[in-house]
Amino acid sequence: MARELTPPAIAADYARARRRGRLESLALVAPLLVFIIVTFAAPIAAMLTRSFYTPEFADIMPRTEEALSAWQPGALPSDAVVEAVSADLIAANEAKTIGRAASRFNFEFPGGRTLLTQTARALGGEPARTLADLVALDPRWGAPATWAAMALVAKRVTGIHYLAALDLRLDDAYAIVPEREQNQIYITLFLRTLWVAGLVTFLCLALGYPVAFVLAHLPIKMSNLLMILVLLPFWTSLLVRTTSWIVLLQSQGVINDLLVGTGFIANDQRLAMIYNATGTITAMTHILLPFMVLPLYSVMRTIPSSYARAARSMGASPMTTFLRVYAPLTLPGVGAGGLLVFILALGYYITPALVGGQSGQLISNIIAFHMQSSLNWGLAAALGAILLGGVLGLYLVYARVFGVERMRFA
Amino acid sequence: MPDAAMAGERPGGTGSAVRFEAVSKSFDGTSLVVRDVTLSVARGEFLTFLGPSGSGKTTSLMMLAGFEAPTRGEIYLNDQPVTAMPPHKRGLGFVFQNYALFPHMSVAENLAFPLEVRKVDRASIKAKVDRALAMVSLQGFEERRPAQLSGGQQQRVAVARALVFEPSIVLMDEPLGALDKRLREQLQLELRRIHRELGVTMIYVTHDQSEAMTLSDRIAVFNQGRIEQLADPASLYANPQTLFVASFIGENNAHEGRVMGREGEHVRVALDAGGTFLARAAAPLAPDTRVSLSVRPERLTPGEGPNTIRGRIEERIFLGDHARLVVAGPAGDRWVARVDPRVHGGADEGAEASFAFSPDDAQALAHS
């Protein structure tokens with residue numbers, strides 16, 4: 001049976017074949033896609049949502065939310081507002097949810113926890129009628145700042161976590177002002193994280209480039225053998241590696257003992273190489289080195305020796321040959337390795353937590369602190385969102401500069 | 001070292017451009033890749049290193065360029081020993097098998113590279129790059145990347161890049177190996193023209209004997225690290241000195257036998273398959289020496305003579321400009337003859353026929 005070969009018939013056949021091809025590839029990817037969405041994308045999205053959506057307080061105290069929805073800072077509440085708040089407090093006390101609302105309030109208003117719980121208990125079953133009734137229970141109810149803070153906490157959608165993450169806050173008049181100096185830690189941490197990640201990336205490049213060069217120019221058998229040394233860190237547990245750095249670097253550790261034993265330093269001058277930024281940088285460089293060496297190696301392997309030879313034959317010295325011919329050809333590997341190491345270093349958590357001490361803590365450690373200890377998930381989420389946004393922004397700049405399509409990851 | 005002028009007159013002087021003296025190379029300390037090679041290349045000459053892969057021809061070229069050091073012996077450039085001289089000081093043009101065009105640079109940048117490292121000023125660079133591109137007919141391709149060029153164009157750029165800084169000696173390592181036959185033949189002619197125009201000394205490596213024939217003033221035939229014979233194409237073809245040369249260059253009838261004795265200018269050879277033939281001897285041969293009798297197929301002509309083969313035509317293939325006949329002798333020995341298809345059109349498969357060749361066209365080559 002002869003099918004017509006008219007242009008519309010060909011186009012239809014072609015479209016059908018294309019559709020089938022797309023469906024097939026979708027079916028192949030589907031399991032992983034579902035897995036990632038369920039276990040990775042959805043939790044992250046939920047977490048990031050918390051950075052601007054905080055319904056806990058409003059859920060527990062709905063009348064307060066409504067009464068304070070159009071709050072003017074500096075004002076004191078009308079009797080209707082006082083009645084709504086005290087009714088909510090009584091209801092929450094009975095439902096035993098007052099603790100959660102009080103904790104939330106406490107983040108924005110130091111001492112707010114006891115203010116709410118004690119007031120709720122003191123009210124008994126009888127809502128306050130006037131502001132004076134509340135002030136009689138606790139004088140802080142008479143301050144406009146208390147009410148301004150509560151109006152902020154009662155909002156479901158809020159930007160205060162982002163302000164806090166950038167060392168800013170709203171003052172009593174809802175103007176954006178810098179955080180009190182003793183509380184300014186996040187900008188410093190962000191900058192330190194950037195600096196450490198940049199330094200670790202640079203160190204990995206400086207240490208990894210010559211290694212990759214040597215490996216790429218050895219016979220393949222030999223280089224595969226030596227590659228084991230580079231990959232060894234991958235095959236041992238992160239904890240074991242980090243702990244072995246502790247063994248090496250601590251003040252009673254191998255290196256200090258050696259230096260003291262050989263008389264290079266006195267016993268009371270033992271070097272502080274761990275539990276500070278030095279320890280973090282040392283251990284992170286070691287752990288992240290393979291991520292730099294592997295892309296570099298794979299790029300260098302594909303550069304034929306004839307390029308360098310051609311340059312030499314044309315009169316270029318070894319140095320010129322390296323700078324003008326070899327190094328530019330390895331840029332895709334430098335770009336990929338640098339990107340991998342830098343982004344991994346930005347979010348590094350366990351190593352700084354173990355060997356960082358005070359000065360070696362990074363932004364991920366404070367995020368973990370807010371997740372696990374202070375339970376200020378909104379702030380943790382805002383810090384995480386800023387980190388994520390920063391990484392994406394850097395990636396875009398990087399892709400512009402290096403050209404992501406030219407990068408070779410392995 | 002003075003560079004030859006691009007405009008063309010051959011550099012004067014009597015000394016050789018390149019000289020190998022007893023050069024040997026071993027990569028592993030046990031086996032020799034190049035054995036005791038001695039040769040001399042005149043200024044302006046086109047010399048080809050011809051041989052199968054692994055014969056040491058490329059290694060010899062790499063030693064000349066300075067990418068490998070001789071294990072023993074010395075190489076001279078313009079009568080200066082260069083073993084201790086790094087490649088970038090030798091001032092040689094080099095065209096690589098895979099072209100080795102820098103992929104991150106445009107055509108113009110590739111060509112400017114050897115000039116920039118020589119600190120040539122900007123205006124002269126532009127003029128020289130333009131001239132080199134014109135020489136290989138690639139004007140207008142300055143801003144292209146190598147990846148945007150066809151194989152033949154890349155090859156032309158590689159040649160232009162090796163010539164743009166006006167070296168007096170240019171080395172080429174199988175530069176046409178990756179191209180298809182038509183393009184290869186076309187570029188062979190271009191290389192010939194460029195060599196004539198510039199008068200540079202060219203040393204060319206190939207395993208393709210017809211390429212070597214087309215291009216070369218002289219050919220050095222490499223085998224197992226040695227130069228088997230170094231001669232101009234015509235005498236290499238007509239007077240191969242060794243069995244290897246005879247079989248490597250052109251088609252060849254080779255039959256084993258032994259020397260019976262001298263007969264005037266010639267020796268008489270008794271073939272193992274039967275029959276005796278007169279042949280020239282490249283070197284004096286004692287009676288009973290094992291030899292191969294070597295005759296080119298086109299030297300067999302129908303008829304009888306001092307050397308006659310009688311047999312049956314086993315195969316006849318028409319190839320346009322000639323016909324290729326396979327003649328089976330009585331003892332099963334096979335001879336290939338190449339004849340004019342119009343004149344000998346009647347020689348059919350299965351017919352009995354006799355062919356003759358002159359003693360001067362046959363060589364008795366001793367087995368080494």
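**Exercise 1. State how many salt bridges there are over all chains, and describe a pair in chain A.**

Step 1. Over all chains, the count is 33 salt bridges, where a salt bridge is a side-chain nitrogen of Lys or Arg within 4 Å of a carboxyl oxygen of Asp or Glu. The model is predicted: local features need pLDDT of at least 70, side-chain atom pairs count only at pLDDT 80 or more, and totals for chains, interfaces and linings use all residues. Residues are numbered from 1 along each chain as its sequence is written, chains are lettered from A and ligands numbered from 1 in the order in which they are written, and side-chain values use heavy atoms, with hydrogens and water left out.

Step 2. One of the pairs is Arg129(A) with Glu126(A), at 3.8 Å from N to O. Side chains of opposite charge can pair when their charged atoms come close.

Step 3. Glu126(A) is exposed at 52% relative accessibility, and Arg129(A) is partly exposed at 43%. Here buried means under 20% relative accessible area, exposed over 50%, and partly exposed in between (1.4 Å probe, protein chains only).

**Exercise 2. Describe chain B as a whole: its elements, span, burial, contacts and charges.**

Step 1. Chain B contains 8 helices and 20 strands, and its C-alpha trace spans about 75 × 45 × 40 Å along the principal axes.

Step 2. Of its 368 residues, 52% count as buried.

Step 3. Among contacts (heavy atoms within 4.5 Å) with a separation of 6 or more, 68% in chain B involve residues 24 or more positions apart.

Step 4. Chain B carries 41 positive and 45 negative side chains, with the centres of the two sets 4 Å apart. Lys and Arg count as positive and Asp and Glu as negative, while His and the chain ends are not counted; the place of a charge is NZ of Lys, CZ of Arg, CG of Asp or CD of Glu.

**Exercise 3. Locate Ala80(A) and give its separation from Gln361(A).**

Step 1. Ala80(A) sits in helix α4 (residues 79-95) of chain A and is exposed, at 54% relative accessibility.

Step 2. Gln361(A) is 281 residues from Ala80(A) along the chain, and their C-alpha atoms are separated by 48 Å.

Conventions: Helix = DSSP H or I, 4+ residues; strand = E, 2+ residues; numbered from the N terminus.
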